[in-house]
Amino acid sequence: MSFTDKRPLSWFLQQFQLQPGKPAIASGLRSLFILGVPIGIGIITNHTAESAIATMAAWFVGMVNVDGAYRQRAIAMIAATIGVTVMFLIASLVSSHLWLAVPTTFLVIFITGLASLYGNVAASVSLITSIMYVIALAKFASFSNLSTLIQHCGLCLAGGTWTTVLSLGLWVVRPDVPAIQTVANCYLSLSRFVDLANQRALNPKNHQQWEQRFLQAQDTVIQNLTSARSVWTTIWTRQKGANLRGNQLLVLIEDINQIVNSVVALSELLAIASEHQLFSRLQPEIQQVIEQSAIALQMLSQAMSNDKPLLYERLPFGTLRERQRVYAKGKSSPHLGDLDRSLEALEHQRQVLRSQILNQTINAQTDNYSALLNLGKITASLTKLAEQIHTDAEIVTDLSLGKQRNSNAQRDISPPAQAERSTIIDTLRNNFTFDSVLFRHALRLALITTLAELLASLLQLPRGYWITLTALVALKPNFGGTSQTTVQRVVGTILGGIIGIALVLLVKNSLASAVCFLLLVFVAMSVRSLSYSLFIILLTPAIILLLNIISAGGWKVGILRIFDSLAGGVLALLGSYLLFPRWERQQLPAQLQKTIRANLAYFQQVIANYLHPEHNAFADSINMLRHQAALENANANAAAQRLFSEPRHIQGEIEPVMTLMIYIRGFFSSVTTLAEHLREFSGEYQFPEIKLLADTIVQVLENLADAQGQGQPPQPLPALDSYLEAIHKQIEQLHTARLSEIATNFNTLTPTLQAVLEQTPLSTELDRIVNEIKVMHCVIARLQE
């Protein structure tokens, strides 16, 4: 959900938008085969009711959401197989006695709810096992016969084992495929991120809408990068050292981070340049280079995903103009060539523009000269981006062919640091309190699920377990997530129920119904990653058809499904609103305090490098602090999104929060631009006012963080502009001195030119940082009112 449009209708429509990406056809085909075999066996042997148990187990185990290494996937699917079997057994033992079923339901759901403490994989496994318990308790479970119970549990185990073997059997041959795929996903999201920078060049006036999309794309890249690092660590840190492919993937992962930083700095430079009329002279060429960079990154992602050799050779020449490439696939060959040609065109046009500007009279050059310097900075930034893409193309080629060259791929890059892990008991003990969001959620989930189960049993509702299932799936740790999932699930169930009713009325043959069921499952699983709403719309008629295959229920099953989903959704919303809520408005100040402090630490380290350039050991610290600030920015953005989903009378005033988030992210971008500029900063020419300004900025940010944490108004702003005015005067003196020496030193790197190239970008970004801090101060003062 974007910050820009919070109207109810727009929010509602956004719940049904498709996410970027392509349908997971392979996942759909795998699901088709997983379910087709047990259903087919049941139809052939006339044991459709029994085969339904194996089908359900196979289906649920296949829906475990695990993106990671082979070992992680195997453990998760084996755990899910055992889990659904155990849940079926427990449900069978208690199903005949309501007085026993109710407390057991509470205990089971509470325990599985606490599984979220141990990560997304544990949460996914616990959810599908909980669903199996609810369905088995109402539909399949019976302890009338011990041999039947053993047979049904065996069917559960067989269905889960079938899915596990089918899903993981081929992965044993290539256990590093998950790592390659996660890196490919990073480059794909990176391509979209770069493309959005291109849109900034195209539409410099449409700033607010572009900025929201740009920040969301940046968060996506950071999330994918974190996932890639986690998968790499899982695969190779158990070994004494990474193999050749592991080292190449690690270099690619770290290069993603560098490209993100370059693009963030590039967007800042474009924002500054677009305010001057000279930008239009180079805008087409800049746009073309960025577009070709995005295409090249997408091509690298496709090469890794398809695991096809991208035969790339760089000849030993010094400039981009002198390089030639050879590719195994003809359709890939133009991309990097087009990137080089577009970069050459940009450089040519910049030189033409530079000659025109510098040949003018000195009095007319003062304003244009600063803009010309910024355009040169943009060209240099794009050149470095192209160099990085060329380097990564070499590594992807080596990765595909299993080669090792004397290239940049042999850089000394340390593996991602592993976070210290608490024991299972310590984690549970630390969260067994009402201060824990997940503890309250597990308790809330257990209470609502048990209440739904009790109502369905006492009222003897036909298929009343659908109420329980809807409440179980819709309830999330926060009200915003609950309301979003409830809307998607209820509306999707209504639309899917209508489709299911129509299919039941039109399709009378059991074989045709089975075919329709499998087709719906195939499409549903293919689009699951793109839209949860569409997934539910397709899944609902599939379930209705499956129930009619197992036991004839007719079109009335669809009606019951719709009404039960509505009832379950209402229960989920009431539970989220009434039971132990902790509203985001109460939590957001603490998160914003952490976010401001993380960005402050990042700024302090970067500015320390400017003030003490002789200390070159700060590079690792900058990378670490940048990553931490980016994560906190994403966390604050997620917290703000949850706030926007809460009831209006609770969320309070939204506009200041929106503004604060935008300017915190703007501050981060400005600091990242400064960090990128450090590569060209020698420190031989220093402005004394910069240290005074930096110290004042640190004091202001510390006060803003304290104001957020303590709920007090911030102190008045000091005179930041006085320092900026002094810096601006010195910059003007440098420009004047440089313009006066151009006649004799047009293309010579003089000390004056070196000072101009170093200090002008620094001054520009400090100017932007001061403006961003002023807005942040004003917004926080308004929030504290």
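Trainee: Why does Arg642 count as partly exposed?

Mentor: This is a predicted model. Arg642 has 29% relative accessibility, and partly exposed covers values between the 20% limit for buried and the 50% limit for exposed, so Arg642 counts as partly exposed.

Trainee: What makes the contact of Glu584 and Arg642 a salt bridge?

Mentor: The N to O distance between their side chains is 3.1 Å. A salt bridge needs a Lys or Arg side-chain nitrogen within 4 Å of a carboxyl oxygen of Asp or Glu, so the pair qualifies. Glu584 belongs to helix 21 (residues 584–611) and Arg642 to helix 22 (residues 619–644), so the bridge ties together parts 58 residues apart in sequence.

Trainee: Why is Glu584 called buried?

Mentor: Its relative accessible area is 8%. Buried means under 20%, so Glu584 is buried.

Trainee: How do you know that Lys594 and Glu632 meet in a salt bridge?

Mentor: Their N to O distance is 3.9 Å, and the cut-off is within 4 Å, so the pair is counted. This pair links helix 21, where Lys594 lies, to helix 22, where Glu632 lies, 38 residues apart.

Trainee: Which of these two residues is buried, and which is partly exposed?

Mentor: Glu632 is buried, at 7% relative accessible area. Lys594 is at 48%; exposed requires over 50%, so Lys594 is partly exposed.

Trainee: What makes Arg665 and Asp219 a pair that links distant parts of the chain?

Mentor: Arg665 sits in helix 24 (residues 655–677) and Asp219 in helix 9 (residues 207–236), 446 residues apart. The closest N and O atoms of this salt bridge are 2.8 Å apart, and both residues are buried. The structure holds twelve salt bridges.

Trainee: How do you know that Arg489 has no salt bridge?

Mentor: The nearest side chain of opposite charge, Asp564, is 11 Å away. The limit is within 4 Å, so no salt bridge is assigned to Arg489. Arg489 lies in helix 17 (residues 479–506) and, leaving aside residues up to four places away in sequence, touches Thr470, Val473, Tyr532, Ile536 and Arg561.

Key. Residues numbered from 1 in each chain as written. Predicted model: local features only at pLDDT ≥ 70, side-chain atom pairs only at ≥ 80, totals over all residues. Heavy atoms only, no water. Helix = DSSP H or I, 4+ residues; strand = E, 2+ residues; numbered from the N terminus. Buried < 20%, exposed > 50% of the residue type's maximum accessible area, 1.4 Å probe, protein only. Lys, Arg positive; Asp, Glu negative; His and termini not counted. Contact = heavy atoms within 4.5 Å.
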